[in-house]
Amino acid sequence: MEALASDYQRLVGVLEAEAGGTGLRAGALAGRLGLEVVPAKVEGVRSKVKRLVERGWLAEERPGVFTPRRAAG
């Protein structure tokens, strides 16, 4: 995870610690990061987690719900 910038490390860390089996939406994730839950902040978080999904760090098993990537096997 050291390859990620600090903002992205925080996102992955919060999801690993708090998502449980159900995952988190961008708004809930923004709140857990201590950000205001306003559209501008939520969309910024959503953009970052979508990028992490594209790069294989996170999963989006249902539309808009983000989880840590499951280990293979």
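In this predicted model, the largest nonpolar core holds 17 residues. Leu 11, Leu 29, Val 45, Val 49 and Leu 52 touch the most other members. Helix H1, helix H2 (26–32) and helix H3 (39–54) each supply at least two residues of this core. The most come from H1, which gives five.

Leu 11 illustrates the packing. Residues up to four places away in sequence aside, Leu 11 touches Leu 29, Leu 33, Val 45, Lys 48, Val 49 and Leu 52. Of these partners, Leu 29, Val 45, Val 49 and Leu 52 are also among the residues that touch the most other core members.

The overall fold was examined next. The chain has three helices and two strands. From the N terminus on, the order is α-α-α-β-β. A compact globule of 73 residues would have a radius of gyration near 11 Å, and the chain agrees because its own value is 11 Å. Along the principal axes, the C-alpha atoms fill a box of roughly 40 × 25 × 20 Å. Contacts between residues at least 6 apart in sequence were also sorted by separation, and 40% of them join residues at least 24 apart.

Leu 4 counts as buried because its relative accessible area is 13%, under the 20% cut-off. Beyond its neighbours within four places in sequence, Leu 4 is in contact with Gln 9, Val 12, Leu 52 and Trp 57. Leu 4 and Leu 52 are 48 residues apart in sequence, yet their C-alpha atoms are 9.5 Å apart in space.

Thr 67 gives a view of the strands. Its place is in strand S2 (residues 65–68). Thr 67 is buried as well, with a relative accessible area of 6%. With neighbours within four places in sequence left aside, the contacts of Thr 67 are Thr 22, Gly 23, Leu 58, Ala 59 and Glu 61.

Buried residues make up 32% of the 73 residues in the chain. The accessible surface comes to about 4600 Å². Carbon and sulfur atoms account for 50% of that surface. The chain carries 12 positive and 9 negative charges.

Methods
Residues numbered from 1 in each chain as written. Predicted model: local features only at pLDDT ≥ 70, side-chain atom pairs only at ≥ 80, totals over all residues. Heavy atoms only, no water. Helix = DSSP H or I, 4+ residues; strand = E, 2+ residues; numbered from the N terminus. Rg over C-alpha atoms; globule rule 2.2 N^0.38 Å. Buried < 20%, exposed > 50% of the residue type's maximum accessible area, 1.4 Å probe, protein only. Contact = heavy atoms within 4.5 Å. Areas by Shrake-Rupley, 256 points an atom, 1.4 Å probe, with all protein chains shown as cover. Lys, Arg positive; Asp, Glu negative; His and termini not counted. Charge placed at Lys NZ, Arg CZ, Asp CG, Glu CD. Core = buried A, V, L, I, M, F, W, Y, C linked by side-chain atoms within 4.5 Å.
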